[in-house]
Amino acid sequence: MNILITGSTDGIGKLAAIKMAKDGHQIYLHGRNIDKLNKVISEVKLESNNDKIDGFVADFSDLDQVRRMSMEINEKISSLDVVINNAGIFKSPQPITKAGYDIRVVVNFFAPILLTNAILDKISKGRSPRIINLSSAAQSPVSMDLLGGDIKVSDQEAYAQSKLALLMWSFYLAKKNNNVAIVALNPGSLLNTNMVKEAYGKFWSSADKGANIIYELATIKGTEEIDGKYFDNDRGAFGLAHPDAYDNEKINELMKKANNEISVNKQI
Ligand SMILES: NC(=O)c1ccc[n+]([C@@H]2O[C@H](COP(=O)([O-])OP(=O)(O)OC[C@H]3O[C@@H](n4cnc5c(N)ncnc54)[C@H](OP(=O)(O)O)[C@@H]3O)[C@@H](O)[C@H]2O)c1
């Protein structure tokens with residue numbers, strides 16, 4: 001399979017990439033730092049004994065970099081079987097991007113929409129194609145003002161809003177696409193990664209718990225049982241998301257606002 005996993009220079013993304021690489025798949029890694037990305041490409045090759053490891057670099061807090069990466073993918077790759085939108089951020093020394101948006105909104109929500117839409121044709125050409133979107137148990141009703149960069153909220157609130165927004169987009173995309181399966185995933189709460197250590201200073205479970213469920217959803221045969229659903233790995237089962245994820249009016253409002261902000265969002 002051809003697999004793209006964003007945010008795979010660390011945390012559960014890196015561990016999942018190693019697991020998938022061990023099965024011999026072609027893996028495309030992604031990171032925001034070229035040196036770290038190259039180091040991880042070498043590490044994954046060595047650990048998996050698989051040379052079919054490549055990578056893309058883009059800082060997702062800058063949508064122009066996401067656009068450039070999408071173009072590189074379209075030039076380089078003929079089809080993608082699995083795309084895992086895993087890159088995410090909770091805390092940052094610069095929580096507001098140069099373009100004036102909350103960084104959680106841009107990295108966790110705008111960037112995956114922009115990337116996925118730009119490479120959807122390649123995913124449609126995949127075998128049993130699927131998209132896995134990394135949401136969270138942290139889900140808060142999404143403020144249009146936060147999406148527009150008009151208000152500031154706490155780290156936790158911005159993160160939880162971006163993660164519900166991603167989930168709502170997942171359900172929206174699943175309804176629109178019949179030939180690509182889309183599943184939203186809470187990989188488990190407080191897994192042992194940099195993000196969690198920075199945010200909470202403690203963890204509840206190993207990072208492997210999250211990597212294992214990403215691996216399962218990415219490699220499960222057939223996609224009917226995962227398409228359009230939310231897998232809650234705190235329960236180890238498909239589950240119900242926040243009620244807003246089932247509210248078509250709210251989803252339509254969210255997608256209209258997001259598409260508008262993504263199309264006008266320019267770096268200065
Ligand atoms: N850990 C948990 O308990 C938990 C729970 C629920 C959901 N999740 C979700 O799971 C995903 C992975 O999280 P994790 O815990 O593995 O976190 P992590 O260890 O901090 O890894 C995050 C990954 O995203 C990348 N990233 C961060 N900011 C970026 C940016 N501006 N542009 C491009 N890439 C960027 C990081 O790059 P660097 O290597 O350069 O830092 C890293 O590769 C996230 O979407 C997170 O929200 C995690």
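User: Which way does α1 pass α2, left-handed or right-handed?
Analyst: In this predicted model, the crossing of α1 with α2 is right-handed.

User: Which residues make that contact?
Analyst: On α1 they are K14, A17, I18, A21 and K22, and on α2 they are V40, V44, E47 and S48. By class, five of the contact residues are nonpolar, one is polar and three are charged.

User: What is the angle between α1 and α2, and how far apart are the axes?
Analyst: The angle is about 40°, and the axes lie 9 Å apart. Helix α2 covers residues 34–48. The two helices are therefore oblique to each other, since angles under 35 degrees are the ones counted as roughly parallel.

User: Now α3 and α4: at what angle do they pack?
Analyst: Helix α3 (residues 63–76) packs against helix α4 (residues 103–124) at about 25°, with 9 Å between the axes. That angle makes α3 roughly parallel to α4. Their crossing is right-handed.

User: Which residues meet there?
Analyst: From α3, L63, V66, R67, M69, S70, I73 and N74 take part; they meet V106, F110, A111, L114, L115, A118, I119 and K122 of α4. The contact comprises 11 nonpolar, two polar and two charged residues.

User: Changing topic, how many residues surround the ligand, and which are the closest?
Analyst: The ligand is surrounded by 31 residues, and G7, G11, G88, T193 and M195 are the closest. Two elements, α1 (11–22) and α7 (194–200), each give two or more residues to this shell.

User: What classes make up the shell?
Analyst: The shell around the ligand has 16 polar, 11 nonpolar and four charged residues.

Note on methods
Residues are numbered from 1 along each chain as its sequence is written. This is a predicted model: local features need pLDDT of at least 70, side-chain atom pairs count only at pLDDT 80 or more; totals for chains, interfaces and linings use all residues. A residue is near a molecule or strand if its C-beta atom, placed from the backbone, lies within 6 Å of it. Helices (H or I, at least four residues) and strands (E, at least two) are DSSP runs, numbered from the N terminus. Ala, Val, Leu, Ile, Met, Phe, Trp, Tyr, Cys and Pro count as nonpolar, Asp, Glu, Lys and Arg as charged, and the others, Gly among them, as polar. Axes are lines fitted to C-alpha atoms, for helices over the stretch in contact, and angles run from 0 to 180 degrees between N-to-C directions. Angles under 35 degrees count as roughly parallel, over 145 as roughly antiparallel, 65 to 115 as roughly perpendicular and the rest as oblique. A crossing is left-handed if the near helix is turned anticlockwise from the far one by less than a right angle, and right-handed if clockwise. Two residues are in contact if their C-beta atoms, placed from the backbone, lie within 7 Å.
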